[in-house]
Structure formats: structure tokens, C-alpha cells
Amino acid sequence: MKTYEVNFDGIVGPTHNYAGLSLGNIASFNNAKIASNPKEAALQGLEKMKALHDMGFKQGMIAPMERPDVTTLRRLGFSGSDEDVIQQTAKNAPQLLVAVSSASSMWTANACTTSASSDTADKRVHFTAANLSNKFHRSIEWQTTAQILKAIFSNENYFAHHQALPMGDHFGDEGAANFTRLCDGYGSKGLEFFVYGKQAFNLNQPAPTRFPARQTLEASEAIARLHQLDLSHTVFAQQNPQVIDSGVFHNDVIAVGNQHVLFYHELAFLNSDEVLAEIQSKYPGEKALEFIRVSSESVPLGDAISSYLFNSQLLSVNENEMLLICPGECAENPQVSKYLDSLIQQPNCIKKVEFYDVKQSMRNGGGPACLRQRVVLTEEELGQTNPRCIMDESMYKTLRQWVNKHYRDKLTAEQLADPQLLDESRRALDELTQLLDLGNVYPFQH
Ligand code: SUG
């Protein structure tokens, strides 16, 4: 049966802003407090989705969160009308208002980990919403994320949904940003490649010292158990602590894989040779794996991080050719651009590179690959997926109009206290749930 890799991109929410909330994410810190343009951010996201759809890829979308998150503010002791809650928070805890207003759910690579049905024992597609417990502003995403995932993939005969892992540092889970599936074809059995930042229960192991390790080995192991993955085809590898301390807060900032290809920076993994040998020996496919290693000499680590070269989408155009969708910043960086020119001349599968402008997202440390969750679906599973959440020409036009109608083109931290923003945002999301046929997934709808 035909099997697809469907990219589900996050629709950027109406409160997209720059708040410097993510320690260890250099772009988030560097751009803290500049004014954002939510309308432009959402349109940039839609353009990328539409471009992939036009190239013949299956493209889906995931709705944003209700923000500011008044429910969380109430849990933290603020009371009165919704307007009162926001005003009190703005006055007494402005940093908290900023955090509960983040549109960070747009980076759906972190929404969950997804396993393909050809890799799970019960032959269902499995989803675990990520607890994102390392960052407060992201730890409040998972409940709504889980609801939205259930509204897209509702048939339990095909789809299994798990609760997020327990909150706290020991089971810090950042979803598919630290997970790669390697396979001959999307429908074949795959190799599960989990990358973690530290071991939480074993403090004698290497770990970053400057910036946090957001994914633990223990979390990755729990996901593998929940998703009933075959451990003989599963690899758990440690990210190089040095790169985390340099600003590589997720593995997808330093490596990307697709089918039988792994494109990675030579500093990405601890004990790289052993990791690659284990992948090689556990690979269930028949194709020869292609490890495309990028040296520090070709692309220094700093350039890889600032350009987000590895946060690109690697897509199969046909049996033998792949396309790399890079952020525009890669074209602007002379060293990276030179490297990409040479990459497509080398004897490997990557034959074409295209650049997309996702600057609004990039300023918060989110490139093309952060903006999408990959879901491998057979034709039959795709037939069971909420059709309104799959992009087509008419949905693209509808969503563009929806963004143009509801979104502001400038937002600063001070404006987050404007009670009208909450109303605007709720009106927009209420309409969106109808457009995407999601039912009532937001607290304000209950
Ligand atoms: O979690 N940035 C996100 C970026 C996530 C990128 N995702 C992947 N690499 N898959 C984060 O650090 C910044 C928000 C702010 O500072 O306003 C933020 O949350």
C-alpha cells in the first residue's frame, strides 16, 4: 500500500512574539523584546506549506493554542474576570504574562513523538504529546496539543494516543525534535533513532554544563516502550554536550534524516563512530545507508547554528533524489551557501536545495524543520485522518484570508496586556476550529 510522510506544520498563533524565554536557544535570547509581526509569521508558514503541497507532498496543519493562557494564570492564583486576570498579571508578574502568551506551539516538531504503524507492535500509529517540561512557557502546551492530535487522528483502531510523560526534569521530553526514523521506504520497517541530552538518573555520565539538556534518555526509553517499538531496531544516542552548550538545544538543530539518509554535523553526537556503527547494524532495511557528514572545516559549528543548516526539511522527490528545504539564512551565510553548492555536486541523494523565508520563526530559534511534525501514514490511515487538516488550494486561500482578517502586524511585550488581544485571539481560534473541523479543543470553548 502507498505510504506517505505527511508534514503537519504548526499554524503560527496570533500572539507570536519575542520574549527571550528559552535559555540555551541563542536566537530566542538575542531577539528578546524586539517587536514581532504575527501576521507575517503566519503567512510565511502558510507559504511554506503551500509550496510543499504544490510540489506534490502531502501537507497537513496543526492549530495553535489559546493564548494568553488564562487557565494557567488562574491555577497560579489570579482571579476575577479574564480581563482582571490579565491586568493583574501584567501588573504583578509581567514575565509570567509574557510566558503564557507565547505562540511556541508553532514548532510542532516538539508537539509530540510519532511512530509509524509499520514499526509498532500493534500496527497503529502512536503519538505521545511532549511534556516540554524544561521550559515553563512550553510545559503548558501538551494538554491542548493532545486534544488537537485526537481531533485530527480520532479513530482508535488506527491511532493510539498517550499522555505526556510525567512532568519534571527526569522525563524531560521535547518530542520529534530528538527523534529520527530511517527506512528504505516510508512503508518499510524503520530504524528508530532517539537522541538525548543527558541521563537523568545517572549523574556520572557526561552532560552539558552551561545550557540545559532538554531531552533525557529516560524519556526517550519511555516513548519507545509506550509506542511498542522493536528495540532490536532502536538506537539511543547521546548528543554531544559541547554542542548543547554552544546553542544546539535540540538534535534537529544539528542533524536531519530522511529514509536511508542521515545528514549531520561531525560534532552532533557523543561517540559518533559507535553511534553510526550501531545504526548500521540495527538498520532493518536493505538499502545502503548514506551518512552525509559535514565537517567543522566545511561548516563551523557557529555557522551551522546561526544559519540553521540542519534544521532543514529533507524530502524524497523520487526513489533516488532528495530535496533540502533550508531557511533563507543559509543562502545569506557565505560559508554555508558555498557548502550547499558543493553538497549537490557530491555523489549522494541530495540533488536540490531550496530556501524559504521563515524569518519570523527563525528569530525565536525555529527553522523549517521545527515547524513540522512528520507523520508516516498509509493510504488507509490517511483516509482516516481529519481531511480538513490536510492542505489543498482552497484551504490555503481560506487560511490566508483568516490570517489577514484576524492577525496583527505588530506585537510588543507591552501589548500582550491588551485585553482585546485575548478576544481577538479567541475569535480567530473559534473560527479556525470550525474551518479545520476540530470540535471544541480550547478551554474557552468549554
Ligand atoms: O523551544 N523557541 C522554541 C524553538 C523551538 C525550536 N524547535 C525545534 N528545534 N524543533 C524553543 O526554544 C522561544 C520563545 C521566545 O523566546 O519568545 C522558543 O520557545
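**A first walk through the model**

Hello everyone, let's start at proline 68, which lies in the loop between strand S2 (59-62) and helix H3 (70-75). Helices here are DSSP runs of H or I with at least four residues, strands are runs of E with at least two, and both are numbered from the N terminus. The peptide bond that leads from arginine 67 into proline 68 is cis, with omega near -5 degrees. As background, most peptide bonds are trans, and most residues other than glycine have a negative phi.

Before I go on, a word about what you are looking at. This is a predicted model, in which local features need pLDDT of at least 70 and side-chain atom pairs count only at pLDDT 80 or more, while totals for chains, interfaces and linings use all residues. Residues are numbered from 1 along each chain as its sequence is written, and side-chain values use heavy atoms, with hydrogens and water left out.

Now, back to the backbone. Lysine 123 has a phi near 60 degrees, a positive value in a residue other than glycine. You will find lysine 123 in the loop between S3 and S4. Glutamine 228 is not a glycine either, yet its phi is positive, at about 55 degrees. That glutamine belongs to the loop between helix H8 (217-226) and strand S8 (234-238). Is glutamine 228 buried or partly exposed? Its relative accessibility is 32%, so glutamine 228 counts as partly exposed. For these words, buried means under 20% relative accessible area, exposed means over 50%, and partly exposed is in between, with a 1.4 Å probe and protein chains only.

Let's turn to the ligand. How many residues surround the ligand? There are 23, and the closest are Leu21, Ser22, His137, Arg214 and Asp252. By type, the shell around the ligand has 9 nonpolar, 11 polar and 3 charged residues.

A backbone N or O atom of leucine 21 is 2.8 Å from an oxygen atom of the ligand, and one of glycine 20 is 3.1 Å from a ligand oxygen. For asparagine 364, a backbone N or O atom lies 3.0 Å from a nitrogen atom of the ligand. How much of the ligand does the protein cover? The protein covers 100% of the 490 Å² of accessible area that the ligand has on its own. That area comes from the Shrake-Rupley method with a 1.4 Å probe, and for residues only the protein chains shown count as cover.

And where does the ligand sit? In the second largest cavity. A cavity is a set of points, on a 1 Å grid over the protein atoms alone, where a 1.4 Å probe fits but cannot get out. A molecule sits in one if more than half of its atoms lie within 2 Å of its grid points.

Next, some residues elsewhere in the chain. Aspartate 119 lies in the loop between strand S3 (112-115) and strand S4 (125-129). It has 3% relative accessibility, so aspartate 119 counts as buried. The side chain of aspartate 119 reaches the backbone nitrogen of glycine 190 at 2.8 Å. This is a polar contact, meaning a pair of N or O atoms within 3.5 Å; within protein, one must be able to donate a hydrogen and the other to accept it, and residues adjacent in sequence count only if both atoms are side-chain atoms.

Phenylalanine 249 is in the loop between helix H9 (241-245) and strand S9 (255-258). Phenylalanine 249 counts as buried because its relative accessibility is 8%.

Lysine 351 is partly exposed at 37%, whereas valine 353 is buried at 18%.

Note on methods:
Near = heavy atom within 4 Å. 1 Å grid on protein atoms, 1.4 Å probe; cavity = no way out; pocket = protein on both sides within 12 Å on 5 of 7 lines; lining within 4 Å. Nonpolar A, V, L, I, M, F, W, Y, C, P; charged D, E, K, R; others polar.
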